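Please open the structure in your viewer and keep the selection tool at hand.

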Amino acid sequence: MPKTVPADYQSRVRKPHDFDAFWDDVLRQAAAVPLEAEVVPDPLRTSDDVEVFEAFYTSLDHVRVASWYCRPARRAERLPAIMFLPGYQMDPPIPKEWARKGYIALSVAPRGKLRSNRHFNPGYPNLLTYNIVDRHTYAYRGFYVDTWRGVDFLLSRPEVDGARIGVVGSSQGGGLTITTAAMRPEVRAAAAGAPYLCGFMDAIELTHTYPYEEINDYLRLHPERLAEVENTLAYFDGINFAERIACPIVMNIGLQDNVCPPETGYALFNRIGASDKQLNPYDGHGHDAGRSRHGAIVDRFFAERLLSER
Amino acid sequence: MNQVPLNFREYWQETLASLARYPACPELEPIPLRSTAFATLYGVRVTSVGPYRLFGYLSIPAGTGPFPAIYYSPKYQSVLEIIPQGTANLIRSRYITFSLAGRGQRNADTPYAAMFPGLLTERIGDAAAYIFRGIVADSVRGLELLLTRRELDPTRVVVVGNDLALMTSTLTSGATHVVAAPALFYKTAELAIRTHAYPLEEVNDYLRTFPARAEAVRRTLAYYDLRAFAPGLTATTLLMAGAPGTLFDAQALKPLVNALSAEVTVHESEQSLYRDGLYAEQWMATQCGISDLQRILPEHWRD
């Protein structure tokens, strides 16, 4: 049997003293960029019950971000919305299932993803270490903002009830759910699975699988840059965002997760600031983080917090 | 099942003949960033039918070999991985690994960039021009290239992937083992109407938009149905079935299993990437005579 994972695992990440100032500055830069939201009907993907659109908006550095936007064909005037955030190498899916559950649904393709890679395309593998020695140009600076701007996109839509926005994702999507819930107070409920981008420097010692292994590859070639890498990643570590989360949040991790070590999931959860927080650790599960059992919990979680607030 | 097209053999012979007209012209470039003390990684450029230039990642273990090999046939996603996400990097110390991007995937997306969703129905109304005809040829070319490596032990060559793994191993010789998880080309039209999940939903989208093309789509898919390939497969096979009650569960795959002439083991998903993944790793290691499996498992899977 695999080893037991300590629930009180302590991450080595430290919060930089200017963490908040750094991100406040990034947000200021982003706010100066007009959203230029656009929705284009996609008749091929639209069915009787769900209308599908390709949606676009402009983000930091004037990068154009693509997304899928779905809404129930038969709906009330204003509905709650779910923003789905993608895994590291996942092609962002069309979130029809969320629309079928009664939500407006947005599935974001942050920069570098398929359909959002015209201006920025570091590739996979590579995204994780792109400009990793410089927090001001590190890949995830814009990538994070792209997901946060998704909230602005939803708020720009007349059919979205801006007081009922939820965020969901697993793996990288779980990590992005953490940062989005932390940085956007409009988010009223969040569900993060197997969160990636949390405890980077712990993860590269706890596991030697991709994508975290990209960092080990980089440091093997450039060992002298260790301090710079660690310094940059501290600004992007979900654990350092966690105390800002105030909305209800549910998390799930797999205790045999070979991609995002469960130790980092525990460290993250212990730092989340919200009082309404729940962690579901699944023994016998890997990077799926118990999805087959946890899916119903997530559905109920959002339904109680978003659908029932009519 | 749908009738196997009368010219099934000719269709694929013609495809392979077209592929044979283009020499592979491989270019290997070491990638120091992804090379370790235990394995060297190369970026590989190779020509397929079209002509179309593909890209792959080839990893060669340190030492003299010969080594068993794992060929990761093209996946249904835009990203090309060196080894599948979550696989211990140390697997590259025991196996030669080769992952290939089919046309349209990243690093092989010039001049054609595939969309996901979208690829599954690209030119699906015309069997002769269907995009997967080229992608299957790409996958065959990848295996052919791998088999040219002098470090490789030809008695231990595992092809891993979705439906393409099984098709590739049938269309060309050299694979001794197959690990396949059907997802695209098993009873496609029949199963698509029972789901809203992509990628099969692409077929539903397409037929809803172009209902007049239903018969043409059915004709095209008949050339790709795994049941038509199954009698030709000789490699020892591990079939990764879905969990009970899902579209590709063991019960649903029975006609495929019955049609396979190869020795086959069916693993029904336990809905755990840990348990399913560990089963596949153990199966491959046993088949390939890898005695120190624990060492090349991810840390969180080890005893």
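Helices (H or I, at least four residues) and strands (E, at least two) are DSSP runs, numbered from the N terminus. This is a predicted model, in which local features need pLDDT of at least 70 and side-chain atom pairs count only at pLDDT 80 or more, while totals for chains, interfaces and linings use all residues. Residues are numbered from 1 along each chain as its sequence is written, and chains are lettered from A and ligands numbered from 1 in the order in which they are written.

**First stop: two prolines of chain B**

Select B:Pro66, in the loop between strand 3 (52-61) and strand 4 of chain B. A cis peptide bond, with omega about 0°, joins this proline to B:Gly65. Next select B:Pro199, which lies in the loop between helix 4 (188-192) and helix 5 of chain B. B:Tyr198 and B:Pro199 are also joined by a cis peptide bond, and omega there is about 10°. Most residues other than glycine have a negative phi, and most peptide bonds are trans.

**Second stop: two loops of chain A**

Move to A:Glu36, in the loop between helix 1 (19-31) and strand 1 (38-41) of chain A. This residue is not a glycine, yet has a positive phi of about 50°. Is A:Glu36 buried or exposed? A residue is buried if 20 or more other C-beta atoms lie within 10 Å of its own, exposed if 12 or fewer, and partly exposed in between, with C-beta atoms placed from the backbone. A:Glu36 counts as exposed because it has 11 C-beta neighbours inside 10 Å.

Then select A:Asp61, in the loop between strand 2 (50-58) and strand 3 (64-72) of chain A. A:Asp61 has a positive phi of about 65°, although it is not a glycine. With 16 C-beta neighbours inside 10 Å, A:Asp61 counts as partly exposed.

Display helix 2 (residues 131-147) and helix 3 (residues 163-171) of chain B, which pack at an angle of about 65° with their axes 9 Å apart. Axes are lines fitted to C-alpha atoms, for helices over the stretch in contact, and angles run from 0 to 180 degrees between N-to-C directions. Two residues are in contact if their C-beta atoms, placed from the backbone, lie within 7 Å. Which residues meet here? B:Val136, B:Ser139, B:Val140 and B:Leu143 in helix 2 of chain B meet B:Leu164, B:Met167, B:Thr168 and B:Leu171 in helix 3 of chain B.

Select helix 9 of chain B, and look for its buried residues, among them B:Leu273, B:Tyr274, B:Leu278 and B:Met284. The cover over the buried residues of this helix includes strand 8 (249-254) of chain A, as well as strand 4 (67-72) and strand 6 (152-161) of chain B. Just after helix 9 of chain B, B:Gly289 takes a positive phi of about 70°.

**Last stop: where the chains meet**

Show both chains together: the contact takes 38 residues from chain A and 36 residues from chain B. On the side of chain B that touches chain A, helix 5 (201-209) and helix 9 (273-288) of chain B each supply at least two residues. Helix 9 of chain B gives the largest share of that side, four residues.
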